Amino acid sequence: MKFAVISRGDETSNALMQKIKNYLLEFNLTYDLDEPNIVITVGGDGTLLYAFHQYTHRLNDTSFVGVHTGHLGFYADWKPEEVERLVIHIAKTPFKIVEYPLLEVIVRHNNSTKSERYLALNECSVKSVVGSLVMDLEIKGELFETFRGDGLCISTPSGSTAYNKALGGAILHPSLASIQIAEMASINNRVYRTIGSPLVLPQHHTCLLKPLNDVDFHITIDHLSMVEKSVKSIQCRVAEDKIKFARFRPFPFWKRVKESFIK
């Protein structure tokens, strides 16, 4: 089996990365950054997000597992003191694959036939660079509302505990193939009206955002940030692609939610 190890970059994470690499090489596994069968991240959820975006072209062939060197994460579930156990599992034990849904974002521009496609593990957020965001929101090809406010956040179920939760969105279990749309400070009065509540769309329901004014937009895809000009539409839906996690032991989602926000 071929493996890769990606570190957050701090001294502790780098030392642990080298330790994992040396152990796995002793078990005659092959270190391959280009075409790994399994990617081990050392750091936190941000490190795993970074690794995910490095291997979006290999999602069918690459699985991920995370070691956290800080607080328990939603993606990084192994502790530094468990590294020897994890290495033995990787080298000797067939692992279970758990798949999580992803968000597909397609940005189209005026006067262009080209489009840009992105995959998000957590979320995509859309804001206007200047002033309020003003966009028509279509669901399944039908106009649902005209949104006016600070912005919109479209999240995956696994990303529903991140930015989406801070916006008052629901926490969704990753077994649900869906996306969630949460508003940021929408304008609601006698003239302007939005639903004022998060929306959960199932698989095959497409959300289309269409700008009503000619402004630049600040779009984030997970930790990636960009400014897009002359945007015609932003299409969001559950991606056909999925991320694969290598599971060597149970990692219950609701237990993670409890330990992160309540315990």
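Predicted model: local features only at pLDDT ≥ 70, side-chain atom pairs only at ≥ 80, totals over all residues.
A residue counts as buried when its relative accessible area is under 20% and as exposed when that area is over 50%, with partly exposed in between. On that scale H204, at 69% relative accessibility, counts as exposed, whereas D222, at 9% relative accessibility, counts as buried.

- Most residues other than glycine have a negative phi.
- H204 is not a glycine and yet has a positive phi of about 75 degrees; this residue is placed in the loop between β12 and β13 (207–211).
- D222, likewise not a glycine, has a positive phi of about 55 degrees, and its position is in the loop between β14 (217–221) and β15.
- Because the cut-offs are under 20% for buried and over 50% for exposed, the 69% of H204 makes it exposed and the 9% of D222 makes it buried.

**Strand β11 and its partners**

- Strand β11, which covers residues 178–186, is mostly covered, with 7 of its 9 residues buried.
- Strand β10 (residues 142–155) runs antiparallel to β11 and is joined to it by 6 bridges, and in this pairing C153 has A182 of β11 as its bridge partner.
- Strand β12 (residues 199–202) also runs antiparallel to β11, with 4 bridges joining the two; here I181 stands opposite L199 of β12.
- In a regular strand the side chains alternate between the two faces of the sheet.

**Aromatic pairs and charges over rings**

- The count of aromatic pairs comes to 7.
- One of them is the stacked pair of Y75 and F245, with 5.7 Å from centre to centre and 10 degrees between the planes.
- Y75 lies in the loop between β4 (63–68) and β5 (76–78) while F245 belongs to strand β16 (residues 231–247), so this pair ties together parts that are 170 residues apart in sequence.
- Both Y75 and F245 are buried.
- F74, F253, W254 and F261 are linked by ring pairs into a cluster, and the charged end of K165 sits over the ring of F261, at 4.4 Å from the centre of that ring.
- R249 lies over the face of W78, 3.7 Å from the ring centre.

**Nonpolar surface patch**

- V129, V130 and V227 make a nonpolar surface patch of about 280 Å², and V227 is found in strand β15 (residues 224–228).

Notes: Residues numbered from 1 in each chain as written. Heavy atoms only, no water. Buried < 20%, exposed > 50% of the residue type's maximum accessible area, 1.4 Å probe, protein only. Pairing = 2+ DSSP bridges. Phe/Tyr/Trp six-rings, centres within 6.5 Å; stacked < 30°, edge-to-face > 60°. Lys NZ or Arg CZ within 6 Å of the ring centre and 35° of its normal. Patch = residues over 30% accessible without salt bridge, like charges linked within 9 Å, V, L, I, M, F, W, Y side chains within 5 Å. Areas by Shrake-Rupley, 256 points an atom, 1.4 Å probe, with all protein chains shown as cover. Salt bridge = Lys/Arg side-chain N within 4 Å of Asp/Glu carboxyl O.
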